[in-house]
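Open the model in your viewer and keep the sequence panel beside it, so that each stop on this tour can be selected in turn.

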Amino acid sequence: MIDTWDELIHKCNSCTSCDLAKTRTNVVVGVGNKNAEVLFIGEGPGENEDLRGEPFVGRGGQLLDKMLAAVDLDRNKNIYIANMVKCRPPKNRDPLPQEQEQCLGWLRNQVQLIRPKIIVCLGRVSATRLIKKDMKITKEHGIFFEKNGVLLMATLHPAALLRNPNNKPDAFQDFLKLRDKIKEICDHTYD
Ligand code: SF4
């Protein structure tokens, strides 16, 4: 494990462990409070994220920020946001299993440094890898699962909500459940 953020970010930025390194513009390590009690994990950077070097900055990111704000969460204040893979998959395809495996060590290292109490999986890719293989996100979103002392919950990916706005109320309910859980178990998130 790398035990300083500076070194971790430096190593991520020069990583060429999988083929996604060949087509990326920037490595998207993550954004937010490095002492956050709540960590959000998406899938991988899209075009805007690749260009800016920050996760969730396109239309999906704007929707995510709105939903976060509704429950007093803010990427610049009290949460951290990362992805399963740190480099953009071409044409926004799902990251391949081997790409996720190669990149997982970086994410594990981030989790070890942040030590969150709650992890929220944004979408199917992170939910099936981090919560359980057969996770049915349309049925099991909003449910908390405990793993190694950390609570994990999945909600619908913001890009999926842009495609199917009818699902926004369901996702919002997940954020309300998250707010309640934070109030129950977190110490500083709403300080
Ligand atoms: S996706 Fe992850 S493992 Fe692959 S090159 Fe980028 S940082 Fe390295």
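Begin by selecting Arg115, which counts as exposed because it has 12 C-beta neighbours inside 10 Å, where exposed means 12 or fewer other C-beta atoms within 10 Å of a residue's own, buried means 20 or more, partly exposed lies in between, and C-beta atoms are placed from the backbone. Arg115 sits in the loop between α4 and β4 (118–122), and it has a positive phi of about 50° although it is not a glycine. Helices (H or I, at least four residues) and strands (E, at least two) are DSSP runs, numbered from the N terminus.

Residues are numbered from 1 along each chain as its sequence is written. The model is predicted, so that local features need pLDDT of at least 70 and side-chain atom pairs count only at pLDDT 80 or more, while totals for chains, interfaces and linings use all residues.

Next, select Asp72, in the loop between α3 (59–70) and β3 (80–83); Asp72 is not a glycine, yet its phi is positive, about 60°, and Asp72 is exposed, with 12 other C-beta atoms within 10 Å.

Finally, select Ile41 and, leaving aside its neighbours within four places in sequence, look for its contacts (C-beta atoms, placed from the backbone, within 7 Å), which include Ala82, Ile119 and Leu130.

Methods
Contact = placed C-beta atoms within 7 Å.
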